[in-house]
Amino acid sequence: MTLTQPPTATDRTHRLVPSPAGRIHLVEQGTGPLVLLVHGFPESWYSWRHQLPALAAAGYRAVAVDVRGYGRSSRPAEISAYRMLDLVEDSVSVVRALGEETAVVVGHDWGATVAAHAALVRPDVFRAVGLLSVPYTPPGGPRPSDVFAGMGGDEEFYVAYFQEPGRAEGEIEPDVRGWLAGFYAAFSGDTMPGPDAPDPHFAARGGRLRDRFPGGPLPGWLTGPDLDVYAGEFERTGLTGALNRYRNMDRDWEDLTPGYAGAPLTQPSLFVGGALDASTTWLADAIAAFPETLPGLRSSHILDGCGHWLQQERPEQVNRLLVDWLAGLPG
């Protein structure tokens with residue numbers, strides 16, 4: 001099913017394709033080998049707006065999806081419908097619906113974790129994997145909820161804060177645009193709080209996450225119209241589908257640990273992180289373990305002065321890294 005294209009993107013095609021969730025909305029541009037782009041929280045296909053034309057120009061069929069729970073994709077009611085294995089099957093269904101047998105998968109934030117597990121569970125489909133911001137950590141280890149509960153001392157880690165259905169929604173949904181602006185600014189290289197400010201990854205007990213978001217201008221990568229795109233989607237859909245991804249981390253641990261504990265990703269891989277991103281600094285041990293966990297790593301880069309939203313903060317640099325890596329993959 002082909003949807004009407006926005007007037008400012010006449011060379012992009014918006015489509016709905018079937019998936020185990022019901023439907024996945026995707027945006028594609030270009031022809032050639034398939035590159036599947038998977039966004040994170042709280043974003044959409046639009047997070048790849050700079051990569052779609054660059055990959056198309058380089059000779060690839062670039063496809064950015066709205067992950068289950070976001071945008072025009074289906075939003076199942078059950079919390080358990082957002083477990084990792086379901087998102088992997090959504091990714092496979094997109095490849096098949098586009099008439100392809102294999103694809104390169106590239107993800108950012110939660111999308112990086114989806115991409116990694118898609119490559120882990122379905123190596124027959126995903127021949128290479130690119131990870132932006134969040135490094136690969138193999139399944140296993142302690143139960144995630146136990147880890148998050150022990151973080152922060154008297155404060156509450158944002159992942160733990162997101163666990164109770166309705167709680168974060170109650171903070172965000174009365175002012176979606178304002179909340180998103182603050183959340184994006186809190187983790188952008190040019191607007192994040194200084195090292196002496198309270199950490200926006202945590203909330204005071206009984207407080208709100210947004211109490212620690214910076215005020216002031218939007219990040220340099222985010223225009224008012226860009227923010228309107230994100231806010232408009234979440235005002236229409238609500239945040240529950242997006243937040244339900246966080247509410248399945250223990251289920252993922254139960255699903256994946258028995259068969260994949262400690263398993264490496266052996267496909268050709270790429271990692272790009274931001275030097276100012278907590279995903280890079282807190283998970284430095286995961287990056288150091290890449291020789292064992294990503295034995296097919298072809299390219300790894302840390303972008304100086306960059307925060308969490310790196311393909312939007314540094315689009316030209318990320319595009320160049322992606323295209324160079326893709327060009328070196330086996331056919």
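Close-up 1. Asp211 is partly exposed, with a relative accessible area of 46% (buried means under 20%, exposed over 50%, partly exposed in between; 1.4 Å probe, protein chains only). The model is predicted: local features need pLDDT of at least 70, side-chain atom pairs count only at pLDDT 80 or more, and totals for chains, interfaces and linings use all residues. Residues are numbered from 1 along each chain as its sequence is written, and side-chain values use heavy atoms, with hydrogens and water left out. Asp211 meets Arg208 in a salt bridge, 2.8 Å from N to O (a side-chain nitrogen of Lys or Arg within 4 Å of a carboxyl oxygen of Asp or Glu). Arg208 counts as partly exposed, at 41% relative accessibility.

**Close-up 2. Arg15 pairs with Glu28**. Their closest N and O atoms are 2.9 Å apart. Arg15 lies in strand 2 (residues 13–19) and Glu28 in strand 3 (residues 22–29), so the pair ties together parts 13 residues apart in sequence. Strands are DSSP runs of E, at least two residues, and helices runs of H or I, at least four, numbered from the N terminus. Both Arg15 and Glu28 are buried. A network of salt bridges links Arg15, Glu28, Arg61 and Glu100.

**Close-up 3. Arg143 pairs with Glu254**. The closest N and O atoms of this salt bridge are 2.9 Å apart. Arg143 sits in the loop between strand 7 (126–132) and helix 4 (144–149), and Glu254 in helix 10 (residues 249–260), so the pair ties together parts 111 residues apart in sequence. Arg143 is partly exposed at 27% relative accessibility. Glu254 is partly exposed too, at 42%.
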